Amino acid sequence: MPADFDGDGKTDLAVWRPSDGTWTIRYSMTGVTSTRQWGITGDLPQASDFDGDGIADLAVWRRGEANFYITYSGSGATGVIQVGSAGNNGLVGDFDGDHKADPASYEPASGTWTIKLSSSGQMMTRQWGVGTDRVVPGDYDHDGKTDLAFFRASTREWFVYRSSTQSYTVTAFGRGGDVPIPSVFVR
C-alpha cells in the first residue's frame with residue numbers, strides 16, 4: 001500500500017515481508033532505509049495515517065481475528081481495533097473526512113461494510129454489494145471522504161455510493177477479465 005512514512009508529502013518505497021512481518025521502508029526525505037517487524041505470517045499490510053499526523057502508521061489486518069494491529073507514528077503507541085467478523089476483508093479509508101484513516105472490513109458473502117469512524121468512534125454498517133464483487137473504495141466525488149464502491153465483473157459496472165449526495169451511480173467501464181484499480185485484494 002503506497003504511503004508517506006516520513007511526512008514530506010511524497011510516497012515512500014516500502015515492502016512488507018509476509019513470512020515474518022518485516023517492513024522495509026526507504027524514506028524519500030533522507031534516502032535512509034529502515035527495517036521494523038510489525039505483524040505475523042498471514043497478516044495483510046494496511047499502512048495508513050490513523051492518528052492524523054501526516055505520517056503513515058504501520059498497520060496489519062489479521063483476518064482470522066477481524067483485528068487491525070497498529071503502531072502509531074505520532075506517539076509510538078500500539079493499538080488493536082476490531083472491525084467486523086473473522087474472515088472479512090480488511091481495508092482502510094477516510095470515510096468521515098477527518099483526515100484520519102478509518103479501519104473497515106467487508107464481508108463478501110453478505111456485501112456488508114463495517115467501518116469504525118475515527119471522528120466519533122462509532123461503528124457504521126451498510127450492505128452494499130454481493131459476494132462476487134470487488135470492493136474499490138475511493139473518493140469518487142472529491143468531497144474528502146472515501147466512498148463505498150464495488151466493481152461487478154460479470155456486468156463490467158462500477159457501483160459508487162457517493163458520500164456527498166448519499167446516492168449511488170452505476171457506470172459501465174472495462175472489458176471482460178479486467179481487474180479494477182484500486183481494489184482490495186484478498187489472499
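Is Phe150 buried or exposed at 3% relative accessibility? Phe150 counts as buried, because its relative accessibility is 3% and buried means under 20% relative accessible area, exposed over 50% and partly exposed in between (1.4 Å probe, protein chains only).

The model is predicted, so local features need pLDDT of at least 70 and side-chain atom pairs count only at pLDDT 80 or more, whereas totals for chains, interfaces and linings use all residues. Residues are numbered from 1 along each chain as its sequence is written, and side-chain values use heavy atoms, with hydrogens and water left out.

Select Trp16 and Trp23. Rings of Phe, Tyr and Trp (its six-membered ring) pair if their centres lie within 6.5 Å; planes under 30 degrees apart count as stacked, over 60 as edge-to-face and the rest as tilted. By this rule there are 11 aromatic pairs. The centres of Trp16 and Trp23 are 6.3 Å apart and their planes lie at 65°, so this pair is edge-to-face. Next, select Phe150 and Phe159: with centres 4.7 Å apart and planes at 15°, the pair is stacked.

Now select residues 67–71, strand E6, where 5 of 5 residues are buried. Strands (E, at least two residues) are DSSP runs, numbered from the N terminus. Two strands pair if DSSP finds at least two bridges between them. E6 pairs in the antiparallel sense with E5 (residues 58–62) over 5 bridges, and likewise with E7 (residues 78–82) over 5 bridges. Finally, select Tyr69, whose bridge partner in E7 is Val80.

Conventions
Helix = DSSP H or I, 4+ residues; strand = E, 2+ residues; numbered from the N terminus.
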